[in-house]
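Please look at the sequence and the structure before reading on.

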Amino acid sequence: MDKASPEVRKYIAQRAELLGAIRLPDNTFKANAGTEVTSDILILQKRDRVMDIEPDWVHLDTDENGVTMNRYFVEHPEMVLGEIKMENTRFGTFEPVCKARKDIPLSELLSNAVQRINGEIPELDNRVDEISDEQELSVPADPNVRNFSFTLVDGRVYFRENDRMQPASVSMTAENRIKGLIQVRDCVRKLIEYQTDDYPEEMIRTEQENLNRLYDVYTAKYGLINSRGNYLAFASDESYFLLCSLEVLDDEGNFKRKADMFTKRTIKPHREVTSVETASEALALSIGEKARVDLPYMEQLTGKTQAELVQDLQGVIFKVPNCEHVSYVAADEYLSGNVRNKLTVADLAAKNDPELAVNVEALEKVIPKDLSAAEISVRLGATWIPQEDIQRFVMELLTPSSYAAGRLKVRYTPINGDWFIENKSSDMGNVKADSTYGTKRASAYRIIEDTLNLRDTRIFDYVYDEHGNKKAVFNAKETTAAQAKQEVIKQAFQDWIWKDPERRNRLVRYYNDTFNSVRPREYDGSHITFGGISPEITLRPHQVNAIAHILYGGNTLLAHKVGAGKTFEMVAAAQENKRLGLCQKSMFVVPNHLVGQWASEYLRLYPSANILVTTKRDFETGNRKKFCGRIATGDYDAVIIGHSQFEKIPMSIGRQREQLEKQLDDIEHGIDDVQASKGEQFTVKQLMKTRKAIKTKLEKLNDTKRKDTVIDFEQLGVDRLFIDESHFYKNLYLYTKMRNVGGIAQTEAQKSSDLFMKCRYLDEITGNRGTVFATGTPVSNSMVELYSVQRYLQYDTLAQNGLQHFDSWASTFGETVTALELAPEGTNYRAKTRFAKFYNLPELMQMFREVADIQTADMLKLPVPTVNYHNIKTKPSEIQTEMVASLAKRAEKVRARLVEPNIDNMLKITNDGRKLALDQRMIDPMLPDDPESKVNACVDNVYRIWEEHADTKATQLVFCDLSTPKNDGTFNVYDDMREKLIARGIPAEQIRFIHEATTDAQKKSCSAR
């Protein structure tokens, strides 16, 4: 009744009405069973049919003492025959227990409770209903029947579609096929449920025998499930392709064998390995299975005594101070994390336990050196500075009147990271607020508020157009004045923050304790034994250590330089995870065109590995369901899948809805908090815009149409996810109050949101150990990408440090920088604000390195050839110079809004500028071919290299992302260069365009040349 998951209670409620429940004391059955456990008596009345209902008792609630239990007992405390207390159970958790009352006998309490339960048995109606031909033949949908599935109602075949079930209009033969496949389908579904929920092995084996019997009987009569006849009869059922995956066919479609589901566990629960040979293997298993060093468990695994294990692992494990029972943790765990707190505890404990002196000695060696105030960068808006200190700064800087001082309040809203100054207009006539640190259009209070919220102050004038619509016009002069005052205030804060000794010591201590107390774990994989690995391949030390990071640590980012061997690192980590029992099924998500190459590399390192590899055909609409079924029903070491295919395996509707509703709750709280504190309307509008987008997504989920899925991601049995080239998922949505800042993209890519949800699911089922990213470019375009990686891989860590909001993270570790940049039209400069600078970088990297395994080219010293760069400069032609000037005039008109956006805009001007810079004929093909153009300079260079290396037939790669060939006779750079090179003597067959290779096979052939 008190389980967190309501699924079982919901199942019962749909089939029976709860008349009443009685909670018995934990000693009720002690005399008979010899155990103390709280138990309940449930009085249920069976319903005449299954109903889609969810009464209150399905859910939990909290009583007046803060104890969480079933809502029925919260609303009916008289049905609890004892006192509810929180106690530490034998499993090490605090749970509510019902303790017997000493003043009243249990028999009397039970008798009174039974009297409070009301119910009656209705008389049976034996009359036979007469069903007229006109009566509606459809029936309400049974909630236990999946949508778009066949079912049997009184022996007749029905098909569920949304909330109704209609009789199936099929031939007698097709109906018999459907009836047989319904039995097979229900058996398969039951077997999947048994394996997912870890039912006893005997039950699973019995169900497998039942599946074998049903399948054999069916196929003997109707042939393979994959046959055309069965497809025509059952293809409309959402489970058809799951059933097809029960048969393993060859390339010609002939039957080879039954799938593993008939004889093996294919969706295995997380299960411990029973024995290993070495102490190091036992340690790895203990950390993976128990999340700690469990000596009794390791003793069982190895057969060695605990003393022998401690001796074998001396220096690798440490005794934990102040534990009721003696326990140890691994060195890389003990000597990492918040080592300041650990040192304080160990120092005190060592006074009573001399054995812990070694702990103190080891911790003192790794403690981070305290940073001084001069080494800590702090800015106005950093969320770790208490709002009371910001209040004091405002008071001391602006010295408001006593009346205003009592009304001015600085507030911070943690839910959305919003700063707000109450009653900004109460300090009228203050020269400091209006002149020294402010302007006539923007008071110092407004400027400080903007600065706290990481915004540059901007001034707008409002005018009315000919239609009477209010329109904002940017005031450049007043904005420049206000931003100058903003810089003065920022500098004043820098001068003020460390001036007071008490404040300086307090903030420096807080910063060191919060952000300078973490030491990342250092992983040593030298003791790992790689069972089944090819003896022809020797992994490098950095690869072995990275594998240790994945095995012993949590979520991991392999931020290694191209060529460092990330593929082998992930493959070996997956195989070791599987061999040691740390995971059951790994999924590798790789670029589409590399799927085949990944499979080859996998089998090269582990020739005996059992892997499943996708093809484009597998994820065509007709094959997608079948392949998902194969993933769920196959006992694979790894599944290798392309990026685009991975997106087509969705999370369950329920989990998507749960995530969106949680986001919606957070947004609703944020709106309430901002409005309660009379926050800026801009912030409210931004939150409301986000809320609307989330509600739209929820509506789409609730309005469920036909879904092309057979198994959700959760049902695949995948508990390790390896993402190759993870930078393709960098556009993860974030909310920020910064306005028009370059380097901060608030665009949302659906594939990134999908991956984030799957990462959070794996965090939940694996304890933040289920996701591995690999990329050579973790940060390519924007500093925001670093934050996105942290959200994917260490979301809980960000939340613990109060940095889950981007603005909180940015105010602590980054800063916007305004500088002059070349304008898009290329003729003048303009001021542009970008998030392009880091502060407190060592502390950020300490946190980041908890998940990141970083290997740069300097660290690896890989045997790669030296790169020689040659920059060739060309002069613009007179025509190009004139055209650049015309681009500037177009840009001025766009900025002045003298031209409609659909006629001309900055994006169009920028694109024209890029074309013009490459070749003037891209603007007008009738213009002359400039001999000094970039294209002709490139042709000269390519021909020279071809001549110099004709004896070795050296290959040249020429990249050009504009003017690709269209085969329609129009001018393009590709054809122009080829014609010129052929004219100089290079054979036509030696010049190829990548565009000519339209299939994977052609691309492979082209690359092989």
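In this predicted model, helix α21 meets helix α22 through His542, Gln543, Ala546, Ile547, Ile550 and Leu551 on the α21 side. Their partners in α22 are Phe568, Glu569, Ala572, Ala573, Glu576 and Asn577. By class, the residues of this contact comprise seven nonpolar, three polar and two charged.

**Geometry of the helix pair**

- Helix α21 spans residues 541-552 and helix α22 spans residues 566-579.
- The two axes come within 9 Å and cross at roughly 45°.
- The crossing of α21 and α22 is right-handed.

**Nonpolar cores**

- In soluble globular proteins, nonpolar side chains tend to be buried together.
- The largest nonpolar core contains 122 residues, and Met587 and Trp809 have the most contacts inside it.
- Helix α5 (residues 172-196) supplies the largest share of this core, with 10 residues.
- A second, separate core has 53 residues, including Ala279, Ala282, Leu313 and Leu551; Leu551 also belongs to the α21 side of the contact with α22.

**The chain as a whole**

- The protein chain has 38 helices and 29 strands.
- Of its 1009 residues, 44% count as buried.
- Among contacts between residues at least 6 apart in sequence, 64% join residues at least 24 apart.

Definitions and conventions
Residues are numbered from 1 along each chain as its sequence is written. This is a predicted model: local features need pLDDT of at least 70, side-chain atom pairs count only at pLDDT 80 or more; totals for chains, interfaces and linings use all residues. Side-chain values use heavy atoms; hydrogens and water are left out. Axes are lines fitted to C-alpha atoms, for helices over the stretch in contact, and angles run from 0 to 180 degrees between N-to-C directions. Helices (H or I, at least four residues) and strands (E, at least two) are DSSP runs, numbered from the N terminus. A crossing is left-handed if the near helix is turned anticlockwise from the far one by less than a right angle, and right-handed if clockwise. Contact means heavy atoms within 4.5 Å. Ala, Val, Leu, Ile, Met, Phe, Trp, Tyr, Cys and Pro count as nonpolar, Asp, Glu, Lys and Arg as charged, and the others, Gly among them, as polar. A nonpolar core is a set of buried Ala, Val, Leu, Ile, Met, Phe, Trp, Tyr and Cys residues joined through side-chain atoms within 4.5 Å. Buried means under 20% relative accessible area, exposed over 50%, partly exposed in between (1.4 Å probe, protein chains only).
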